[in-house]
Amino acid sequence: NVLGVAVAVVCATTILVAVVCLLMRNWIAQVMRAPGLAGLVWLVPVDIFFAGLFAALNSWAIRRKAFRLTSQSRVTNAVFTSGTQIAAGAKGAGALGLVGGTVTGDAFGAIALGAAVLKRDGAFVVRSLSLARMKALAREYADFPICSAPQNLISNVSTYLPILMLAFFHGPRVAGLYAIGCRMLAYPASL
């Protein structure tokens, strides 16, 4: 039931972000000084859906002590993200390749983990789902997102604000190079 609540929250968040992106895509591209991004903003809610689904399934797998599934899905995510971005870069796809690679990696990671979780625990999950219990759990644990949201917001702002500021003041190329540099520096720590 907790997994059901998490997936429902992911779906609601995706819909909300999709509406915002649809209404503000031109403004976002203008602020980022990258008119070409207006056509890519629709990928943001798609990635939020897959990244959120991955996070929910990953938490489920950890809770069920299925650590092999979590590590395999992270490898799948990394291979598809990097592979797509490298192939797209070789073809000169630019921003579409970078964004598309991220979405592709998150999608394949979530799908792989989702398939493994369904194979391993699908019958249990379906059998135990209860809308009444999901509502009760959402009410019972409502304090958790309320308490963790400010911390997560501050953490994400501190991570992504430099990229946004670089894009605003120096353009998307400089911001992209900075983002790639940060990603390369973070790889050893994630091993």
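Reader: Which residues lie nearest the centre of the second largest pocket, and how many residues line that pocket?

Author: Rolling a probe the size of a water molecule over the atoms shows where empty space is left. A pocket is an open set of points, on a 1 Å grid over the protein atoms alone, where a 1.4 Å probe fits, with protein on both sides within 12 Å along at least five of seven lines; lining residues have an atom within 4 Å of a point. Here 21 residues line the second largest pocket, and A6, V9, F144, P145 and S148 lie nearest its centre. The model is predicted: local features need pLDDT of at least 70, side-chain atom pairs count only at pLDDT 80 or more, and totals for chains, interfaces and linings use all residues. Residues are numbered from 1 along each chain as its sequence is written, and side-chain values use heavy atoms, with hydrogens and water left out.

Reader: How much space lies in the second largest pocket, and which helices each supply at least two residues of its lining?

Author: A volume is the space filled by probe spheres set on the grid points, which are joined across faces, edges and corners. For the second largest pocket this is about 880 Å³. Helices are DSSP runs (H or I, at least four residues), numbered from the N terminus. α1 (2-31), α2 (43-63), α5 (131-140) and α6 (143-170) each supply at least two lining residues. By class, the lining has 16 nonpolar, four polar and one charged residues (Ala, Val, Leu, Ile, Met, Phe, Trp, Tyr, Cys and Pro count as nonpolar, Asp, Glu, Lys and Arg as charged, and the others, Gly among them, as polar).

Reader: How many helices and strands are there in the protein chain?

Author: The protein chain has seven helices and zero strands. Its C-alpha atoms fill a box of roughly 50 × 30 × 30 Å, taken along the principal axes.

Reader: At what angle do the axes of α1 and α2 cross?

Author: Axes are lines fitted to C-alpha atoms, for helices over the stretch in contact, and angles run from 0 to 180 degrees between N-to-C directions. The axes of α1 and α2 come within 8 Å and cross at roughly 165 degrees. That makes α1 roughly antiparallel to α2 (angles over 145 degrees count so). Residues of α1 that meet α2, with heavy atoms within 4.5 Å, include V2, L3 and A6. The residues of this contact divide into 17 nonpolar, three polar and one charged.

Reader: Where does α2 meet α3, and through which residues?

Author: F54, N58, A61 and I62 in α2 meet F67, T70, S73 and R74 in α3. These divide into four nonpolar, three polar and one charged. The axes of α2 and α3 (residues 67-90) come within 8 Å and cross at roughly 150 degrees.

Key. Parallel < 35°, antiparallel > 145°, perpendicular 65-115°, else oblique.
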